[in-house]
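Have it open while you read, and start with the charged residues.

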Amino acid sequence: MKCSITLLSASLALACTLPTYALATDGDPEGGSTLEQRRALSERIKKLRELRKQLPIPVPAGLFGIYAFPEKGQGVAGINYQHHEFDGLIQGSDSGSAKTVVTTAPNIFFGNPMQPPTLRVVPQKAQADVIFPYANFAINDKFALVGLAPLIRKKTKMETFAGPVGTKSLGTNTVTSKGLGDIKFGTIYKAYNSDDFNHNVIIDAVLSAPTGSITEKDYNLTPMNTMAKTRLAYGMQLGSGTWDTLLGLVYWGKDKQWGWGAQYLATIPLESENSEGWRFGDKHEATAWVSYEWQPDLVTSVRLRGETQDEVHGLDPKIYGPGLGANPDNYGGQRAEIGIGINWMPIPANNLSLELSLPIHQDRNGVQPEHDFSLAFSWRTGFF
């Protein structure tokens with residue numbers, strides 16, 4: 001895939017630009033080091049080794065919230081990038097064609113003036129890109145603070161069919177939305193760790209603030225073969241519009257070169273509806289992974305992930321018409337995927353991770369874009 005090749009190249013380029021550890025040479029024209037500087041470097045390396053014993057073997061790029069540092073003043077910062085691709089349509093667990101959908105899937109606004117009985121506007125392809133810096137910082141031996149701010153770009157290629165019935169295509173147009181998403185902040189609690197740090201339990205408690213826009217607009221090709229600027233579908237908006245809570249429970253373990261873990265994460269809206277009259281459904285995710293350390297600086301992983309989410313609750317009166325995304329019932333459902341990842345540590349306490357995720361099961365509510373693949377790339381650095 002072109003995208004995966006591009007991301008891998010970017011990771012190598014980033015690694016080349018990261019700073020390397022070197023001995024100071026002040027007062028030494030031959031480039032040597034003083035005894036004091038050597039001792040300081042030796043102590044730093046020992047501290048890094050001790051710290052690493054208390055951390056999991058580097059985890060897949062798509063995972064967050066499992067780093068809780070054991071000492072006050074230690075933390076992790078980094079940048080994560082995710083790319084999601086959708087291609088075609090899925091109805092329940094079956095792939096479907098656009099022509100089938102526009103002759104069978106109902107338009108919930110049918111009966112209102114100028115509204116056809118079935119859908120007339122459906123997505124062909126869609127993609128979403130999310131990049132966000134994040135940081136965890138331990139305030140004591142049990143609690144760490146965490147925060148992240150996502151920047152989002154969504155793009156969907158829509159196909160419009162002439163109304164009110166039939167399968168005559170009028171062509172395609174592309175709609176986009178981009179900007180700041182919902183900022184998240186909260187705490188990580190280290191509930192348990194064994195004396196050898198090989199078994200650990202962590203609890204995540206995070207709030208999501210409604211900073212992302214839910215009133216994004218763009219020009220759409222209508223079934224009357226005209227262009228109209230309208231409010232985009234629920235899935236094209238940049239935020240939820242509600243205060244949400246993210247509650248997670250994580251277990252991770254390790255033994256020699258092997259690492260493993262499991263995580264449960266729930267995203268629950270704290271309000272019945274946002275300012276536009278709707279909210280996303282409750283979302284529950286579970287994931288488990290196993291990793292192997294081939295060398296101290298090279299780790300590979302395999303991860304299974306499943307999710308289930310309710311449909312959109314409520315209705316935005318400005319998200320209207322015979323488009324697939326205007327129906328709140330065409331959101332949520334079940335999905336399972338497998339992820340293959342690699343983690344490289346070019347210098348101590350700095351990790352570059354890349355993970356490819358592919359769907360292995362989809363059973364979606366109503367009719368939706370079909371998930372094709374996802375890529376996650378992250379850079380993490382520890383500080384203390």
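**Notes on the model**

1. Glu-307 and Lys-283 form a salt bridge, with their closest N and O atoms 3.8 Å apart. (A salt bridge here is a side-chain nitrogen of Lys or Arg within 4 Å of a carboxyl oxygen of Asp or Glu.) The two come from distant parts of the chain: Glu-307 sits in strand S15 (residues 298-309) and Lys-283 in strand S14 (residues 283-295), 24 residues apart. Strands are DSSP runs of E, at least two residues long, and helices are runs of H or I of at least four, numbered from the N terminus.

2. Before going on, the ground rules. This is a predicted model, in which local features need pLDDT of at least 70 and side-chain atom pairs count only at pLDDT 80 or more, while totals for chains, interfaces and linings use all residues. Residues are numbered from 1 along each chain as its sequence is written, and side-chain values use heavy atoms, with hydrogens and water left out.

3. Is Glu-307 buried or exposed? Glu-307 counts as buried because its relative accessibility is 7%. Lys-283 is partly exposed, at a relative accessible area of 21%. The cut-offs are under 20% relative accessible area for buried, over 50% for exposed and partly exposed in between, using a 1.4 Å probe and protein chains only.

4. Now look at Arg-305. Its side chain meets that of Glu-285 in a salt bridge (2.9 Å, N to O). That pair also links distant parts of the chain, with Glu-285 in strand S14 and Arg-305 in strand S15, 20 residues apart. Glu-285 and Arg-305 are both buried.

5. Arg-305 has another salt bridge, to Glu-337 (3.3 Å, N to O). Here strand S17 supplies Glu-337 and strand S15 supplies Arg-305, 32 residues apart. Glu-337 counts as buried because its relative accessibility is 9%; for Arg-305 the value is 15%. Through shared partners, salt bridges join Lys-283, Glu-285, Arg-305, Glu-307, Arg-335, Glu-337 and Arg-364 into one network. The count for the protein comes to 11 salt bridges.

6. On to the strands around S3. Strand S1 (residues 75-92) runs antiparallel to strand S3 (residues 121-138), and 13 bridges join them. Gly-75 has Phe-137 as its bridge partner in S3. Strands count as paired if DSSP finds at least two bridges between them. S3 and S4 make a hairpin with four residues between them.

7. Which residues touch the most other members of the largest nonpolar core? They are Ile-188, Ile-202 and Trp-289, in a core of 13 residues. S4, strand S8 (199-208) and strand S11 (244-255) are the elements giving two or more residues to this core, and S11 gives the most, with three. A second, separate core of 10 residues includes Leu-89, Ala-98, Val-122 and Phe-161. (A nonpolar core is a set of buried Ala, Val, Leu, Ile, Met, Phe, Trp, Tyr and Cys residues joined through side-chain atoms within 4.5 Å.)

8. Finally, the overall numbers. The protein has three helices and 18 strands, and buried residues make up 46% of its 384 residues.
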